[in-house]
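Keep the viewer open while you read.

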Amino acid sequence: MEKEAEQPISIQVGSSDGSSRVSQVRKLLFRRMLVGIKDGRFFLGGFYCIDKQGNIILQDAVEYRSTRRSSPSPMEQRCLGLILIPFSCRTSCHVDCSVDEQLALLSLHGT
């Protein structure tokens, strides 16, 4: 079966409809997540949790960073384990799932 392309998913935290949001976020647990941060690095790991402030914890995370400022440049990687990515540093967030699941998860942003 062909793998679907990843699409960005926005998670809005701190809403009034807490119980439905919790159940939606539970569907993300342990899925592969790619998170980009402001300095250009990316982290790939299993989604472990998110708090009310929007900070994300990934488990078995791997850091990917460019070794040179020139484009295109080779990516360097290193294994990190359990990491916390602050909301203030995050620029993108992608979840590895099918298109149908992505559409269902988009309701997190719309409500």
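## A strand residue with positive phi

Where is the place of Asp-60? Asp-60 sits in strand S3, residues 56–66 (strands are DSSP runs of E with at least two residues, helices runs of H or I with at least four, both numbered from the N terminus). Its phi is near 50°, a positive value in a residue other than glycine. Asp-60 is also exposed, at 56% relative accessible area (exposed is over 50%, buried under 20%, partly exposed in between, with a 1.4 Å probe and protein chains only).

## Ground rules

This is a predicted model, where local features need pLDDT of at least 70, side-chain atom pairs count only at pLDDT 80 or more, and totals for chains, interfaces and linings use all residues. Residues are numbered from 1 along each chain as its sequence is written, and side-chain values use heavy atoms, leaving out hydrogens and water.

## The aromatic pair

There is one aromatic pair in the structure (ring centres within 6.5 Å, using the six-membered ring for Trp; planes under 30 degrees apart are stacked, over 60 edge-to-face, the rest tilted). Phe-30 and Tyr-48 have ring centres 6.4 Å apart and planes at 70°, so they pair edge-to-face. Phe-30 is in the loop between helix H1 (18–26) and strand S1 (32–37), while Tyr-48 is in strand S2 (residues 42–50), so the contact ties together parts 18 residues apart in sequence.

## Around Phe-30

Phe-30 has a phi near 65°, again a positive value in a residue other than glycine. Phe-30 is exposed at 53% relative accessibility, whereas Tyr-48 is partly exposed at 40%.
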